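Good morning, colleagues. Please turn to the structure on the screen, which I shall take you through in a few minutes.

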4 protein chains.
Amino acid sequence: MMTGNEYKESLRKIHPRIYYMGEKIDCVVDHPMIKPHVNSAAMTYDLACDPMYENLMTATSHLTGKKVNRFTHIHQSIEDLVNKVKMMRMIAQKTGTCFQRCVGFDAMNATFITTYNMDKKYGTNYHERFKKWMTYVQENDLMIAGAMTDVKGNRSLKPSKQADPDLFTHVVEKREDGVVICGAKAHMTGMANSHEMLILPTTNLLDGDQDYAIACAVPVDAEGITHIFGRQTNDQRRLQGDLDTGNSEYAIVGGETLTVLDHVFVPWDRVFMCGETDFAQDYVARFAAYHRQNYGGCKVGNSDVLIGATSMIAKMNGTRKNSLIKDKLTEMIHLAETMYCCSLACSYEGVKEEAGSYYVNTLLANEVKLNCTRNMYEISRLAHDIAGGFIATLPHEWDLNNPETGKWIEKFFVGNEEYTARDRIKIARLLENMSGGTALAESMHGAGSPQAMKVMILRESNVEQKEQFAMDLAHVKL
Amino acid sequence: MMTGNEYKESLRKIHPRIYYMGEKIDCVVDHPMIKPHVNSAAMTYDLACDPMYENLMTATSHLTGKKVNRFTHIHQSIEDLVNKVKMMRMIAQKTGTCFQRCVGFDAMNATFITTYNMDKKYGTNYHERFKKWMTYVQENDLMIAGAMTDVKGNRSLKPSKQADPDLFTHVVEKREDGVVICGAKAHMTGMANSHEMLILPTTNLLDGDQDYAIACAVPVDAEGITHIFGRQTNDQRRLQGDLDTGNSEYAIVGGETLTVLDHVFVPWDRVFMCGETDFAQDYVARFAAYHRQNYGGCKVGNSDVLIGATSMIAKMNGTRKNSLIKDKLTEMIHLAETMYCCSLACSYEGVKEEAGSYYVNTLLANEVKLNCTRNMYEISRLAHDIAGGFIATLPHEWDLNNPETGKWIEKFFVGNEEYTARDRIKIARLLENMSGGTALAESMHGAGSPQAMKVMILRESNVEQKEQFAMDLAHVKL
Amino acid sequence: MMTGNEYKESLRKIHPRIYYMGEKIDCVVDHPMIKPHVNSAAMTYDLACDPMYENLMTATSHLTGKKVNRFTHIHQSIEDLVNKVKMMRMIAQKTGTCFQRCVGFDAMNATFITTYNMDKKYGTNYHERFKKWMTYVQENDLMIAGAMTDVKGNRSLKPSKQADPDLFTHVVEKREDGVVICGAKAHMTGMANSHEMLILPTTNLLDGDQDYAIACAVPVDAEGITHIFGRQTNDQRRLQGDLDTGNSEYAIVGGETLTVLDHVFVPWDRVFMCGETDFAQDYVARFAAYHRQNYGGCKVGNSDVLIGATSMIAKMNGTRKNSLIKDKLTEMIHLAETMYCCSLACSYEGVKEEAGSYYVNTLLANEVKLNCTRNMYEISRLAHDIAGGFIATLPHEWDLNNPETGKWIEKFFVGNEEYTARDRIKIARLLENMSGGTALAESMHGAGSPQAMKVMILRESNVEQKEQFAMDLAHVKL
Amino acid sequence: MMTGNEYKESLRKIHPRIYYMGEKIDCVVDHPMIKPHVNSAAMTYDLACDPMYENLMTATSHLTGKKVNRFTHIHQSIEDLVNKVKMMRMIAQKTGTCFQRCVGFDAMNATFITTYNMDKKYGTNYHERFKKWMTYVQENDLMIAGAMTDVKGNRSLKPSKQADPDLFTHVVEKREDGVVICGAKAHMTGMANSHEMLILPTTNLLDGDQDYAIACAVPVDAEGITHIFGRQTNDQRRLQGDLDTGNSEYAIVGGETLTVLDHVFVPWDRVFMCGETDFAQDYVARFAAYHRQNYGGCKVGNSDVLIGATSMIAKMNGTRKNSLIKDKLTEMIHLAETMYCCSLACSYEGVKEEAGSYYVNTLLANEVKLNCTRNMYEISRLAHDIAGGFIATLPHEWDLNNPETGKWIEKFFVGNEEYTARDRIKIARLLENMSGGTALAESMHGAGSPQAMKVMILRESNVEQKEQFAMDLAHVKL
């Protein structure tokens, strides 16, 4: 297993073509915009080497029998599923942000099951190929970006019906030694600082969509790939100093790219699905369920930080003992712990798949996400309510550093005199950045839209059985 | 273990002094008002004898090694805690109501731990006494009413400061052979059809409140006890027929009494706490946590029935395929499953106590209840929204039976012609009764007020640690 | 104008065929089930004769120039629209219930406009006929039931496509002297104690539905009419005493009937629409908008009573000074006043119609109702939260009257010793009855389903203009 | 009245000492950070000169009889109060942001009443002084910043008890010709581009706080004043181009300063309160009520833009016809129109003050704000829900302009092919910026904390009367 530093060094050896602010980035490790994202991913490496967190951060590979970083592990038990959630909450408490490794982690676990099931039905050998690649990933402790979300074009049309065939990733050529693919993947969390990407389909597919049923592994710096690094709320503050970013070391969300695949060649031993449209929906659903499971871990850990910041700001304002403030803090905790309960429940109620690995309870995994899309907004609202207008109008840190204005800021932004104005501003900036803009919008996307999720919930909850309960009790016989 | 019928017969042998509508009730088994409550409790006996439900409904006593009804069991594992929740959801799906045995169940489990802890500190022998009584309960498969909630008087005053000393149950005389107690316990679920009650304190106690620190077991028909059976929404409908009650066999909620204790004698071997005020708060908290755990079982099972009834009424109205109706049904499911997740999580995250038994995670148990106090109202609102005004103005079943009017009702209350008007009315009556009045108000009480719960959540969630997370990330050093 | 007593006497002179509990009712004024509804309607007569309320309760008829009860008035100004809302809040504060005259009031105002518009297009003389009938109504100060809601059958089918043609009211024969109609009207608020009914269509109509486009006035005791009086939550309590009903004088909601029209003859001078399908949708929309306007009056007045009861019960429990209790009371007030604001706004923003009368702002009238369908549940939830389990298990009043049990109830249900147990129970019973069952379900129905309303809101809010605002600011030119 | 351009020219003639990013700003009109705020304020001047908006934008001064910009008007009628709300919604639809003139507008109207009342009690001549200054403001069509919010220090202490006496603005010296004041005002909306400020107290004052009871008018460039311009979410984007700011011409919120008052001299004829602590609470309450009234105007106009942007993005995504999307758009409209209703209601229910001007209904004005603090978050949540993750990861506009990356963005960010990727990004950027960060946090502050408001609501809603209603109906006599 690599340490955080070894991970950073390993990134220096690969050379993805990546752009930001109209320029090509030389090295992601040193670039001020991407550095904090590298730091938070590095945390997942460092903690795995810390004996204190061994139980949560590592596991024993069922492929090699060796200890591996949990983020490269195929879940072998209910305990693995639960530890995933607890690990995520813990890392999020330490970083206050997205650490970007769960997408690949979930993609790998979904692919493990789906390749097994495809082979069983079609006699293909995707599963063995995939295990071989997974062994390589574990041995080298690689960071993998899960590459599911296509750009999708007109959302009311299936992939093969789009005006531009590239709006969903597809095979444009099958060769003896492999396939050539075109397309683009959007919102690629952690892609900029991953070693490889694991591509999978993004939606259910119908007859005629065969070319779109493609799953494969590709290095992030493969020929034909261009990454465009996306903006975040307040990203420019990083270029001007530390204080105003709130969380200068780890940022607030994960860095994300638009990743363009322009005639990228993939050799056959890295192809894990090719044409099996009937497995696309289940594949997507499995990835999504694993991914929804996470939010009650990472988002709750982030909420712990935000609740802590809110409690501190109340102390600094002199309002922490007010019973209505306490009531609101409790409400924030309630909203966070409810998400945590859902993640734990969908993990504990997981099942063993025929492939041998463990899968979450999908109905309950949907609950995680549905609560998350609402609760994160309410948690932010309450944070703002307690913090007040303060966070909306704080001065630039350079004004704090300029003696002419800094003296006034230091004098007038003291609240409760036990704390300095500068510390109060630091906490306010953390709270501000964690509770608005991209940080909020991010709660909504990922793992499917709330609408799609609701459809799934209805399908999976066996309403007919519930109707029967009602008819039995009302003595209705049809 | 008794069957449902044996349970009913056993009730005929005891003679509690119980009043309703100004009259003393002869036999609770035959009384039309109490009969459905007896039926739902009987279900807990019958299902325990059904091999299909053996896993959920029974357990192996750690006192005798024999198979016992789970409702008399002291939890010996995490699995026991989880099975409790799943059992409750299952029974609620079959009865659509409260089956009244959980209060005693929870009181016994709380008492098991507290007596152990008291003995450890004070060298008393409450724990051995209690185990002896528990063995008797298990051997005879008794139904026990948990008797916690005192009438409380002025809620801003402690027990010993009330205008009337009897407003909290207390010891009025200590004799060589036992104690004499006075007081009254309110909202006594299942008391009318239990064999015994297990009395415990209802609030934390201070110096001066020693006489109020009393826990003991008493038969429901002991000398000095009077029960007054409470009203429920629409209770009178039971006296006039079956259809309008919605769920004629099992009713909608549990029957509850005001139980007056007028100089009741309790021999020492049935006394499990006497004067140890410093244990009262923990005792109450343990009972409450076990009890909050339940709501994600029983209320979710009830919600399953209500959701089923709502889905049926939409079919009968011809609106079931409307996408907004489906969205609302999904929302109802979401609200229910969120409660279920919290109950599962607080069970799976339970801990082994020094006494040897298992206890739930209290922070997460509070989440169950807090979600329940809100979600049940929202579920009802959505049920009404989909059902429409129909449920608010349905005619009396005697009008349905009168040919003069019945012909019109049968003609005009047909919706979707695949269903009869009578069946539509039956489902509507089930829905009406499950979604209003007492059924709703009951979601609010039990196991402490929402205010009290919020105070607990704040205490248990370690806000200081969260503050430290925030300060670390914001680089604030105090 | 009649007094309340004159109104009651006038009811003795008409003889509708009305059933309840399987029996025909002799006289609605004396029947214990209908009496409180008569009382609350009588309040609308008495207050009109009270000089203190003259401004709100009366108006000057534009037909006769005489002073009339506002409930028979055609709105002549914005002030009339606003006074309607204020009148309703005031009466609801005095009765704590539905006073049943608004449906007819709204039907008359909608008919006034629609008959004018039909005549203009088709050269019919409906408007003159209607004014003649209105003059008769005003001169005799009649109570009119608005009869819109048909039983509707399968809601996914139009009237003429139903399996049974009678599921919507329709003309079965046109004669020289008038028409003969068949059908049934459901949820007929106040019908049992009205003098006449004003029938109007219940949905938009298409070609082929001509027979369903019928509006007319009919005495409630006309040949061929049968009324079946519907049940309400806890209605039977009225037959057993006063205390448990909570509000014995006026009940909790309005009494409602299923009114069957079996070949009812209507002379031409009482027919106000006959075949004009293209006016049905607008007619229904106008009635609905006037009706939605009301909820921020009557429901807010009822909420005032419920908030008052909740505040009293907190005093009686000794919790009124707790800051979280005060916060919840404030929240209840907030939810109520928001509804009031919407009613005021849709009135003040009303417009003058070509017919000469005033009409509400329909977009804002929809807001009243949409808030009402949610806020009433939340208000009830908060009332239960503050009141606690107390209201769910109170004993029967006959147990309070029986000395054996009454002595215990009087002793143990004292809270704050400044109040007696009996007074505490009275307030609790008022709160219980106002906050559950039918009282809640009623908030949902009336004036169209929330779904229908949302469709209207989207249609009326000019989203295209909003899109243009956004495009202008984002510099998008299409 | 000035035009927008004349207003801009007038700003060039004053020279406030104002800092941003550590540097003194030469001219606010030209500075890229402040320019859009100047533009939106200029809109209030331009529209007043446009005959199309004369009714909403102008009024007749009761001081001079001349036509004045409504923002300098003292309300003379209910119609004035209503037109204020409608004017604000209209301007917000055109600017999509805060136009910054309402704080001064409200401060002037509050001061008009309070000076009258002080003079009446104390025989002072504040009112005449104030009218003289108001005449000057109207004649010169000045933009006035309302300067209420002090920095407040430890919020649990009164002004005179703070560790640093300057944490609330106070008089440090009374001279023959005027007073000298020290302190700082925070969150000063529009201060950077106003001509003068009107200072008023920020909280109720007690005995001992006399020096803090100060109201006065001061030019923004008076000796001793330093302004520090605050940061906003994504403010730096303005320095790099237009597209990513979403609304490049007018920005998203109002610009705000920390305004330091370091021994500022104010001549007596500009002092409108000096020592009258007993009027502070009422003064603050009046300002706050006028200010709360606004939110149902400006925030609703902004919501109109946001709803329009969301509807457009759904069209561009190809999801606009989905019924759940339509339902969510309707919900956004519902939340916005509810706020509008509250603003209209508190205006229409306004009252004439003894001073001759009109004042809003304060209870209902509080409803505006309370709904606003919640609804704006829910509106944003729904906007994000419909827009999806798209807005969280969009690339920098320089990447769109770089041909290497721009070609991919143009190709892959096409949704529905009727629209270009660039237009889709423009709308997404507008939506992103309007729905997060400062735009949200701003909904919470201003015109007092939600807690303070709730206390006011409880006080003003006459709960005792509501209790009496309940007691009357429950037949309770105390």
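**Helix packing, a salt bridge and an interface**

I begin inside chain C, where helices α9(C) and α14(C) cross in a left-handed manner. Please bear in mind throughout that this is a predicted model. The two helices in question, α9 (residues 362-387) and α14 (residues 450-460) of chain C, pack at an angle of about 145°, and their axes lie 10 Å apart. On the side of α9(C), the contact is made by T362(C), L363(C), N366(C), E367(C), K369(C), L370(C), T373(C) and R374(C). Helix α14(C) answers with P450(C), M453(C), K454(C), M456(C), I457(C) and E460(C). Sorted by class, this contact comprises six nonpolar, three polar and five charged residues.

Let me turn to the salt bridges. How many salt bridges does the structure hold over all chains? The total is 136. One example is found in chain B, where the side chains of E354(B) and K120(B) meet with an N to O distance of 2.9 Å. E354(B) sits in the loop between β13 (351-352) and β14 (358-359) of chain B, while K120(B) belongs to helix α5 (residues 102-122) of that chain, so this pair ties together parts that are 234 residues apart in sequence.

I come now to the interface of chain D with chain A. Here 81 residues of chain D are in contact with 81 residues of chain A. The size of an interface is often given as the accessible area lost when the parts come together. For chain D and chain A, the buried area is about 7000 Å², and carbon and sulfur atoms give 60% of that area. Which residues of chain D lose the most area to chain A? They are R231(D), F412(D) and Q451(D), which together account for 11% of what the chain D side buries.

As for specific pairings, eight salt bridges are counted between chain D and chain A. Among them is the one formed by K411(A) with D164(D), whose closest N and O atoms are 2.9 Å apart. Within chain D, helix α9 (residues 362-387) gives the most to the side that touches chain A, contributing seven residues. By class, that side of chain D has 29 nonpolar, 32 polar and 20 charged residues.

Thank you for your attention.

Note on methods:
Residues numbered from 1 in each chain as written. Chains lettered and ligands numbered in written order. Predicted model: local features only at pLDDT ≥ 70, side-chain atom pairs only at ≥ 80, totals over all residues. Heavy atoms only, no water. Contact = heavy atoms within 4.5 Å. Buried area = accessible area lost by both parts, 1.4 Å probe. Salt bridge = Lys/Arg side-chain N within 4 Å of Asp/Glu carboxyl O. Helix = DSSP H or I, 4+ residues; strand = E, 2+ residues; numbered from the N terminus. Nonpolar A, V, L, I, M, F, W, Y, C, P; charged D, E, K, R; others polar. Axes fitted to C-alpha atoms, helices over the stretch in contact; angles between N-to-C directions. Left-handed = near helix turned anticlockwise from the far one by under 90°.
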